[in-house]
Amino acid sequence: MKNNLKEKFILTGVQLLKTDKNIEYDESLKELFRLTVSADGEVIAIEKAKRERIDSTYFIGKGKAEELRLLATENDANGIIFNNELSPAQQRNLENLTNLKILDRTQLILDIFAKRATTNEGKLQVELAQLKYLLPRLAGKGIMLSRLGGGIGTRGPGETKLETDRRRIKERIRKLEREIEKLRRRRETQRKSRKKIPIAMISIVGYTNSGKSTLLNTITNSNVPVDDKLFMTLDTKTKLVRLKSGLKFTLTDTVGFVDRLPHQLIAAFKSTLEEVKMADLLLHIVDISSPFYQQQYNSVLKVLHELGSDDKPTITVFNKIDLFDSHLPIIPSDVFQKNYVVISGLRKINLDGLFQKIEEKLKEEAIVRYLEIPYSESNLIYSLKKYAKIISEEYNSSSVYVYANIPKRYEKMFENYYK
């Protein structure tokens, strides 16, 4: 009975004959299917459209649009979802021609974020992204929301807010930006407080559904919600980790990225994603069981570049080795410069290898220092061994002389003892 309440959609997307490869186009439509399911929509058909160029009026051309309208009528579908971002004019033209709800990939992703947001900050960020997306689409009587009804694509701000005039929308955007800025400052203060503590900050990044939250749960014995749906984690979760060696660090899970992640979301979630910018080390989680893991890897790199974090020290963590299919290509070590580790976060396979790689990477960005530590403060030797790499030790009657490789993050912790 519950399934009968789901909205039904036809999925479509244009494959440009000169540039779009078949396999990547097909995979992109499969991802659109998963996005629709994550939004609690029901897919009744996936219709491909191959063209030499995009139709400026109806995107897929008037004939194909009418064909989809007939298919929707025959199957009682509520609308059509496009695997591309439509212009405001194209969206209105398609709505007028088909009398159906027309959504594009961006609006679908925004809707999923609205559905997943649980914290006040997350809800504000999603609403801001939605309103910025919708503002240029509010022309004349709006985008026919009153005729098309609620459901997918209308979550978040609500129909009343979306139907208001442009002036009210702009006022709401300004208010949201002010509120988010206040939260950003508060978060910045919290980060600065954490920075004063000599503990490394590590952020988990990766494509959505790559197993980031599962890994966080496994390492920290947490219970961050996990599901086989896209964008299950929107709000950052930070946990303290202590390894057997004594090394401590904070581990932060972040929102999953996706191919063509809407720029409105990147802008709106900037304060949250600053966790990535402030991190000492990134764990880039890649689902090695996906035949398209390299494309997903590259999509994440693009987002990191937009955040100005693509030069951060990073360990590539190939996850889900338990699902690895032998027909998949060998991991190209030359591409990843051998700076990777293969694990299963769910099955706890090779986590010790991951921890070893983390310790190695944190000690790479280090300076060599000569220290004199009095016996009365010999506990510092233990701290040095925990946070740095001891090269040599010499003992005299009153002090220990230590030659050590100290990560820059912990440099100030021992500055009173440098020779």
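**Exercise 1. Classify E372, at 24% relative accessibility, as buried, partly exposed or exposed.**

Solution. 
- Start with the cut-offs: buried means under 20% relative accessible area, exposed means over 50%, and partly exposed lies in between (1.4 Å probe, protein chains only).
- E372 stands at 24%, so E372 counts as partly exposed.

Before going on, note the ground rules. This is a predicted model, with residues numbered from 1 along each chain as its sequence is written; local features need pLDDT of at least 70, side-chain atom pairs count only at pLDDT 80 or more, and totals for chains, interfaces and linings use all residues. Side-chain values use heavy atoms, leaving out hydrogens and water.

**Exercise 2. State how many salt bridges the whole structure holds, then examine D104 with R137.**

Solution. 
- A search of the whole structure gives 17 salt bridges.
- One of them joins the side chains of D104 and R137, at 3.9 Å from N to O.
- D104 belongs to strand β4 (residues 101–104). R137 belongs to the loop between α5 (120–134) and α6 (145–148). The two are 33 residues apart in sequence, so the bridge ties those parts together.
- Both D104 and R137 are buried.

**Exercise 3. Look along helix α8 and describe the pair E171 and R167.**

Solution. 
- E171 and R167 form a salt bridge, with 2.9 Å between the closest N and O atoms.
- Both lie in helix α8, four residues apart, or about one turn of the helix.
- E171 has a relative accessible area of 34%, so E171 is partly exposed.

**Exercise 4. Name the residues in the surface patch of positive charge and locate R178.**

Solution. 
- The patch gathers R166, K170, R174, K175, R178 and K182.
- Patch members need over 30% relative accessible area and no salt bridge; like charges are joined within 9 Å, and nonpolar side chains (Val, Leu, Ile, Met, Phe, Trp, Tyr) within 5 Å.
- Lys and Arg count as positive, Asp and Glu as negative, while His and the chain ends are not counted.
- R178 lies in helix α8 (residues 166–196). R178 is exposed, because its relative accessible area is 52%.

**Exercise 5. Count the aromatic pairs and sort Y293–F318 and Y370–Y401 by geometry.**

Solution. 
- Rings of Phe, Tyr and Trp (its six-membered ring) pair if their centres lie within 6.5 Å; planes under 30 degrees apart are stacked, over 60 edge-to-face, the rest tilted.
- The count comes to five aromatic pairs.
- Y293 and F318 are edge-to-face, at 5.9 Å centre to centre and 90° between the planes.
- Y293 is in helix α12 (residues 293–306) and F318 in strand β9 (residues 314–319), so the pair ties together parts 25 residues apart in sequence.
- Both Y293 and F318 are buried.
- The ring centres of Y370 and Y401 are 6.1 Å apart and their planes meet at 20°, so this pair is stacked.
- Y370 in strand β11 and Y401 in strand β13 are 31 residues apart, and the pair links distant parts of the chain.
- Y401 has 21% relative accessibility, so Y401 counts as partly exposed.
- Y293 and F318 also form one aromatic cluster with Y340.

**Exercise 6. List the residues of the nonpolar surface patch that holds Y370.**

Solution. 
- The patch consists of V368, Y370, I391 and Y403, with about 350 Å² of accessible area together.
- Areas come from the Shrake-Rupley method with a 1.4 Å probe; for residues, only the protein chains shown count as cover.
- At 33% relative accessibility, Y370 counts as partly exposed.

Note on methods
Salt bridge = Lys/Arg side-chain N within 4 Å of Asp/Glu carboxyl O. Charge placed at Lys NZ, Arg CZ, Asp CG, Glu CD.
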